[in-house]
There are 2 protein chains.
Amino acid sequence: MLLNRSERKFPRVIVIGGGFGGIEVARRLKDKEVEVLLIDRNNFHTFQPLLYQVATGTLASDSIAFPLRKMFKSQSNFRFRMAEVLRIDKDAKVVHTSVGEFDYDYLVVASGATSNFFGNANVEKYSLGMKSIQEAQNIRSYVLQNLEEAVLRKNADDRERFMNFVVVGGGPTGVELSGAIAEIQLHMLKKDYPELSKHEMNVYLVEGLGEVLAALSDKSSRDAKRYLEELGVKVILNTVVKDYDGLTVTLSNGDQIPTKTVIWGAGVKGQFPEGINPELLQRGNRIKTNGQCQIIDMPGVYAIGDVAATVTEKTPNGLPGVAPVAQQQGKYVADHILSILKNENNTEDFKYFDKGSMATVGRNRAVVDMGKFHLKGFIAWCTWMFVHLLSIAGFRNQLVTFINWTVKFFTKNSGIRLIIHKYHRPDPLMKTTEETEQV
Amino acid sequence: MLLNRSERKFPRVIVIGGGFGGIEVARRLKDKEVEVLLIDRNNFHTFQPLLYQVATGTLASDSIAFPLRKMFKSQSNFRFRMAEVLRIDKDAKVVHTSVGEFDYDYLVVASGATSNFFGNANVEKYSLGMKSIQEAQNIRSYVLQNLEEAVLRKNADDRERFMNFVVVGGGPTGVELSGAIAEIQLHMLKKDYPELSKHEMNVYLVEGLGEVLAALSDKSSRDAKRYLEELGVKVILNTVVKDYDGLTVTLSNGDQIPTKTVIWGAGVKGQFPEGINPELLQRGNRIKTNGQCQIIDMPGVYAIGDVAATVTEKTPNGLPGVAPVAQQQGKYVADHILSILKNENNTEDFKYFDKGSMATVGRNRAVVDMGKFHLKGFIAWCTWMFVHLLSIAGFRNQLVTFINWTVKFFTKNSGIRLIIHKYHRPDPLMKTTEETEQV
């Protein structure tokens, strides 16, 4: 059992969230004179960069999720609670959770981000997010459910909205996801669904800026767009989604696309428990911290990763919401806490070392930026694959993922196209009469 | 699209259910002058013999499920509909489904079996079945959820019911599942849950007869019982479950075990659409057929596998509900339909060729009966592994399963212990106050 503050030998560091940032804090504190308590609503870490492969059936959920208890099984100062953190009480130095209260000496808020629909309730209601394993599974099920529905329709007009897939947001998530759905169209549709034509299926990628992968170099953005178009993805730039009623999506350029499937990758916002001063919130609902990742008016409390905007002179808007930032901040914060415990006065700000960015498009092409160095095509894809394989937690997951990728590379048609849990989306209009078939 | 009876060139064979029997019928009819329409509520085939490994986290669901459309992608006379079959109209020769009506010339009912709680509503309400991927996932989640709950309890009495696991039924399902849960206790508990003691965890196997694996030889039954006991499973024979209120299970010998987890493997019953003459139903809700697997008063309609009782002089109670029976009946029925289409008068009864039975206990021991020939221990486990690997559909699944087993063999602690979908069991009494922790 956990001990009260007065009974404990060592100070307690509570970490909220077992993402890239949270696990790095916990790891770095191994064998140190602190107690680490990690709290997450899930009992596993999610390797988010490969969520789109779960959504499109290349990988099983189990390959990109890693049980947190197992990850820390040899770390004797580590404790875990599967719980929702409801509220931080900064005065009592206590977090209130769905399974009780826990007091802390140091607290790291690493609770990540969720989809940001920018207040559009219709879009939020009818479109699918892709920020968790559960959401990725929903996408997998729902794409297949819609193809099953299309098979039941006698004429092309009725099939249209079941065979149009709209991905919103041209960042890495949207690019990788739309590319992978286009590969389903190219390599699977005719084989698995002989009654459907691949010419009836359309994959759209809608991006508000003038290029995809805007965070990468112009060269990579151009290459990625070309790869997408070669796969058949219809890339629509300088355009945002105005509305979506569950049947037809309306774009800012006035176009309308009939579709049952809108996948949202156009923005994220920080998610965190109650108890944070609202005045600290920056764009995208991120919590403002100082250069040392501390939340200014909460003594002993840090925020890192997607939920945090680390504001310094050089980074007035914070840092990008990517895994390496969270990981490096995790290491920094763990070291910062240890330096305080040693009464060292560490006032050096966190510095992000940008190793580069990459995104994959389809089965064997990618773009990679490392400083001024660019890679594209197959060699970039090999780099992407290598980096991601090395980053996945656990030998078993690495091996299984490698095999899945190898089989997919050689067969083009290896997908795990299972509808294990049907996704029941709120449905605005469709009548059951239309959904039946008589033969 | 599917064509009406009058428009079709070839007669249509509808197969209800994509289990071992159903897929065998469809396969055998490849390139024949018939149209095959397979209907299943899931879009995948489930390799049921390994469900217990999904339930205990050795394998991902995706490794033992195979998309039906993919399985038949090179069979041009194959069509699939994901639907629930509601009713058979034997006079109109039509099946009514959740997605419309389909007429048939021949119909094969291969809809399998579900858990049989023998009318005990309490047990049905609170215990977990293990007949589908979804149910196996629920077991996986629920076992882990209970261990997470146990961690929150300060004293041993409160932890007890979260750490007692009761498996009912000493057939292969119950034996394999209880053995695998005992291995979690032996190899995982202390590492992942340092706050829990493995001595507090108990795995019970309750069986109504005087031995486990009653369908196997006495020798194998004795060996399996010994293996289970060596793993720490408490085997309770000659005893049935009288009642279960969600908190405490009451046995026929008067004993009571406090437990939140009762897993039901004590019996199955046939499940099938409406439209079957109730007078034909045999013990276990199985549909009586003649020796040629035909339902007597339904022309052109066959029943095979777990849902059927193939009654002949030699088999007055039908055949055992195992995969080889369903597979052999599937082949037989496909051939029987083809012989009718060729106007051959095939009156030879179906004959089951029993190749033997096997069950595995724990990580590297099993029992195998082949006629008078017995295997046990490690060599039996290798046989079991080899036979099951060869039977799993799909190269990718075989490879991934082989790797998972190999890693598990060497590490003893490879489980995929994820709670992706929490299982919400009806909960009779527990109060939230008891379920929280204050530290």
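**Two chains around a two-fold axis**

In chain A, the span of residues 12–330 is 31% helix and 27% strand, and its end C-alpha atoms lie 16 Å apart. Helices (H or I, at least four residues) and strands (E, at least two) are DSSP runs, numbered from the N terminus. According to an unreviewed UniProt entry, this stretch of chain A carries the annotation "domain: FAD/NAD(P)-binding". Such annotations may be inferred rather than shown by experiment; their positions follow the numbering used here, and feature names are shortened.

The model is predicted: local features need pLDDT of at least 70, side-chain atom pairs count only at pLDDT 80 or more, and totals for chains, interfaces and linings use all residues. Residues are numbered from 1 along each chain as its sequence is written, chains are lettered from A and ligands numbered from 1 in the order written, and side-chain values use heavy atoms, without hydrogens and water.

Now look at the salt bridges. Side chains of opposite charge can pair when their charged atoms come close. The rule asks for a side-chain nitrogen of Lys or Arg within 4 Å of a carboxyl oxygen of Asp or Glu. Over all chains, the count is 48. One of them joins Lys90(A) to Asp297(A), 4.0 Å from N to O. These two residues sit 207 residues apart, in distant parts of the chain. Lys90(A) lies in the loop between strands S6 (85–89) and S7 (94–97), Asp297(A) in the loop between S21 (286–289) and S22 (301–303).

Turn to the interface. Chain B puts 67 residues in contact with 67 of chain A, contact meaning heavy atoms within 4.5 Å. Eight salt bridges cross between the chains. In one of these, Arg81(B) pairs with Glu195(A), with the closest N and O atoms 2.8 Å apart. Helix H6 of chain B (residues 133–152) gives the largest share of that chain's touching side, nine residues.

How are the two copies related?
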